[in-house]
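Biologist: I'd like to learn how to read a structure like this one. Could you walk me through it, one feature at a time?

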Amino acid sequence: MKITSVKAFPASSPTNVPRNFVFVKIETDEGITGWGEATCGPLAAGTMIDEFGKVITGCDPMEIERHWQTLYHHFHVRGGVIQMCAISGIEIALWDIKGQALGAPVYELLGGRVRDRIWTYGRWDGPTPELAVENAMNHVEQGLTALKGDPFEHRGIFIDRDSEDLAIEKMKAVREAVGSDVELLVEVHGRLSPSDAIRVGNRLEEFRPFFYEEPVPPQNLDALKKVSDHVNIPIATGERLLTKFDFAELFPLHAVDLIQPDIVQAGGILELKKIAAMAEAHYVGIQPHNCYGPFATIASLHLDACTPNFLIQEGGIHAWYQDATVGDFPVQKDGYFSLPPGPGLGVAMSEEWLVAHPWDADARPWRHRQGGNPARQDVEWS
């Protein structure tokens with residue numbers, strides 16, 4: 001079997017405030033087509049996919065590791081989110097082809113399942129304590145047993161007193177509303193200085209957060225270590241770290257309890273499997289970051305199914321996924337996803353949907369947004 005074409009498909013979501021995505025289609029001379037995703041914001045990821053596609057056209061799609069290494073070392077200056085998104089999207093599509101060719105779900109090719117369902121979480125954000133409680137209870141009523149929220153309204157890394165007090169008030173109100181049986185996750189999006197992160201973390205401790213995500217910016221791992229040494233809450237980070245090489249610098253610090261690499265940005269399915277194995281050796285759990293499109297979700301679920309130190313999966317199934325794809329997405333019931341289908345990834349993009357939803361040059365760029373009700377369809381959270 002040979003690769004005959006690799007093509008990027010930019011598209012936008014049919015939501016109130018459109019978001020842009022980049023999907024990958026790889027065709028073969030045996031009629032098997034694989035799909036992946038390379039969303040990171042810039043359209044430049046699609047251009048790099050088309051460039052990389054020329055490198056592997058005519059090659060055997062089953063040689064996934066060989067192609068990853070070829071593309072990673074293609075330029076003298078390597079790495080960065082654009083290149084890694086392009087590689088990730090291609091790699092995910094190659095696994096889709098391999099699974100279809102062998103008649104097995106991707107997770108079966110990576111060691112087989114170690115669980116029968118996949119724990120996931122909803123949200124508890126809101127601009128006020130009252131709206132945060134409303135959002136939390138809406139998700140609890142759906143059967144979710146874990147919720148994540150970003151309660152911070154400030155800008156920059158030095159929080160003002162009013163914003164800090166408001167964040168604590170939100171957390172307190174939500175904990176009182178949902179009780180002790182629902183896990184509450186706190187994310188910061190790297191918007192605190194180490195001293196502020198320590199003080200806020202100590203104030204949050206009485207509400208027993210399940211983890212404290214990215215309390216400081218991701219560039220300085222020693223700053224994260226300082227926070228970890230001075231709070232009694234599990235620390236999570238990693239959505240903006242790329243490849244095993246970034247994580248190799250993190251683990252020896254023993255500053256983190258849960259990692260969150262992004263499957264469509266950190267290198268794809270096998271690269272996250274390697275990162276997860278490194279984490280396992282340091283007694284660290286994994287939760288793939290997931291705030292983009294349907295193939296970020298489905299690829300993450302395949303990884304979750306076969307990874308022993310997987311802990312919990314960020315949600316990410318939106319109503320439009322069913323219209324945008326062919327095949328049945330795993331369903332969320334009582335706080336768990338069912339295992340993903342197969343063979344391959346088990347779903348494909350609808351090319352009719354792609355034609356009907358082209359890239360929108362006026363779409364809001366991917367970025368973290370604070371304030372507003374995260375239950376609204378026009379707000380993206382990660």
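**Strands, space and sulfurs**

Modeller: Let's start with a strand pair: β4 and strand β14 (residues 336-338) pair in the antiparallel sense over three bridges. Two strands pair if DSSP finds at least two bridges between them. Strands (E, at least two residues) and helices (H or I, at least four) are DSSP runs, numbered from the N terminus. This is a predicted model, where local features need pLDDT of at least 70 and side-chain atom pairs count only at pLDDT 80 or more, while totals for chains, interfaces and linings use all residues. Residues are numbered from 1 along each chain as its sequence is written, and side-chain values use heavy atoms, with hydrogens and water left out.

Biologist: Which residue in β14 stands opposite Trp 119?

Modeller: That's Tyr 336. β4 also runs parallel to strand β11 (residues 313-314), joined by two bridges, and there Thr 120 has Gln 313 as its bridge partner. Strand β5 (residues 146-149) pairs with β4 in the parallel sense too, over two bridges, with Leu 147 as the partner of Gly 122.

Biologist: Why is β4 called largely enclosed by the rest of the structure?

Modeller: Because six of the seven residues of β4 (residues 117-123) are buried. Buried means under 20% relative accessible area, exposed means over 50%, and partly exposed is in between (1.4 Å probe, protein chains only). Strand β2 (residues 20-28) is also largely enclosed, since eight of its nine residues are buried.

Biologist: What does β2 pair with?

Modeller: Strand β1 (residues 3-12) runs antiparallel to β2, with nine bridges joining them; Pro 10 in β1 is partnered by Val 22 in β2. Strand β3 (residues 33-37) pairs with β2 over five bridges, again antiparallel, and Val 24 faces Gly 36 there. The hairpin of β2 and β3 has four residues between the strands, and Gly 31 takes a positive phi near 85° in that hairpin.

Biologist: How many disulfides does a search of the whole structure find?

Modeller: A disulfide is a covalent bond between the sulfur atoms of two cysteines. The test is a pair of cysteine sulfur atoms within 2.5 Å, and the search finds zero. Take Cys 291: the closest cysteine sulfur, in Cys 85, is 11 Å from its own, too far for a bond. Cys 291 is buried at 6% relative accessible area, while Cys 59 is partly exposed at 26%.
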